[in-house]
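Dear colleague,

Here is the structure that I said I would pass on to you. Please have it open while you read the notes that follow it.

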Amino acid sequence: MTSQLIHLAAEQKSAEVTDWAARIGWLVGLALFVALVYWLMREGWKWRATLQGDLPELPALPSPTTTLNGDGEPSRPGMPEGPGPARLELTGRYHGSTTAGQWLDRIVARGLGTRSRAELTLTDAGLEVVRPGAADFFVPVAQLREARLDKGIAGKVLTEGGLLVITWEHGGKLLDSGFRSDHAAEHNEWVATLNDLIAKNNPSDNKNDLIDQTEGAR
């Protein structure tokens, strides 16, 4: 009996005492490190947005208030007076935009860096992009350059062909914007229809401009 008591006392004596001060210090240090990383990312984002400050405001969907016929402001060059009937519609996600041909050169200005849900509508007038919680925009058909399937953009990597990438011109720059439909099987139809629409409406030298600028970016 005595030996059991001695053994129990030895176990209690050897039990480690929790060092709460060290634990709290470690947790505070970890929290400060996470906060620092977040701050650096935020500052880097703001710095990139500043560098891209020359990117114009995103074009909006045509409406009576943006046309001369509606007694509003003159529409932008190439902007139609109305979108027309829908050719295709898509719901899914917007994964970001980059400089065309440079899938890691993220564009963050004008809200293009914000990932969000997206609703796409393609008409003869162009491409309407509606993004709940982020800036909507409209790409006139004259500014559309190419559509293709890809697997990654701006830090988002999917399976081969899992991303619909649309190349368009804005403010004298070629941009790649990545979308993923809730039904990925729709991607092929979008690529075919978009490229057909582009070929019918845009001058043939647009394709040469795209090749020259993307090759120069590389």
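**Aromatic pairs**

The structure holds two aromatic pairs, where rings of Phe, Tyr and Trp (its six-membered ring) pair if their centres lie within 6.5 Å, and where planes under 30 degrees apart count as stacked, over 60 as edge-to-face and the rest as tilted. The rings of Y94 and F179 have centres 5.5 Å apart and planes at 55°, so this pair is tilted. Distant parts of the chain are linked by the pair, since Y94 lies in strand 1 and F179 in strand 10, 85 residues apart. Both Y94 and F179 are buried, a word that means under 20% relative accessible area, with exposed meaning over 50% and partly exposed in between (1.4 Å probe, protein chains only). For F137 and W168 the ring centres are 5.4 Å apart and the planes stand at 15°, so this pair is stacked. The pair also links distant parts of the chain, with F137 in strand 5 (residues 137–140) and W168 in strand 9, 31 residues apart. F137 counts as buried because its relative accessibility is 2%, and W168 counts as buried because its relative accessibility is 2%.

**How to read the model**

This is a predicted model, in which local features need pLDDT of at least 70 and side-chain atom pairs count only at pLDDT 80 or more, while totals for chains, interfaces and linings use all residues. Residues are numbered from 1 along each chain as its sequence is written, and side-chain values use heavy atoms, with hydrogens and water left out.

**The chain as a whole**

The chain has four helices and ten strands; helices (H or I, at least four residues) and strands (E, at least two) are DSSP runs, numbered from the N terminus. Their order from the N terminus is α-α-β-β-β-β-β-β-β-β-β-β-α-α. Of the 218 residues in the chain, 33% are buried. Contact means heavy atoms within 4.5 Å, and among contacts between residues at least 6 apart in sequence, 60% join residues at least 24 apart.

**Strand 10 and its partners**

Strand 10 (residues 173–181) is mostly covered, with seven of its nine residues buried. Strand 1 (residues 86–99) pairs with strand 10 in the antiparallel sense over seven bridges, two strands being paired if DSSP finds at least two bridges between them. In strand 10, D176 has T98 opposite. Strand 9 (residues 163–170) also pairs with strand 10 in the antiparallel sense, over seven bridges, and here L164 stands opposite F179. Strand 9 and strand 10 form a hairpin with two residues between them, and G171 in the turn has a positive phi of about 60°.

**A buried loop residue**

Which residues does N202 contact, leaving aside its neighbours within four places in sequence? The contacts of N202 are V141, A142, L144 and R145. N202 sits in the loop between helix 3 (187–201) and helix 4 (205–217), and N202 counts as buried because its relative accessible area is 9%. From N202 to A142 the C-alpha distance is 5.8 Å, although the two are 60 residues apart in sequence.

With best wishes
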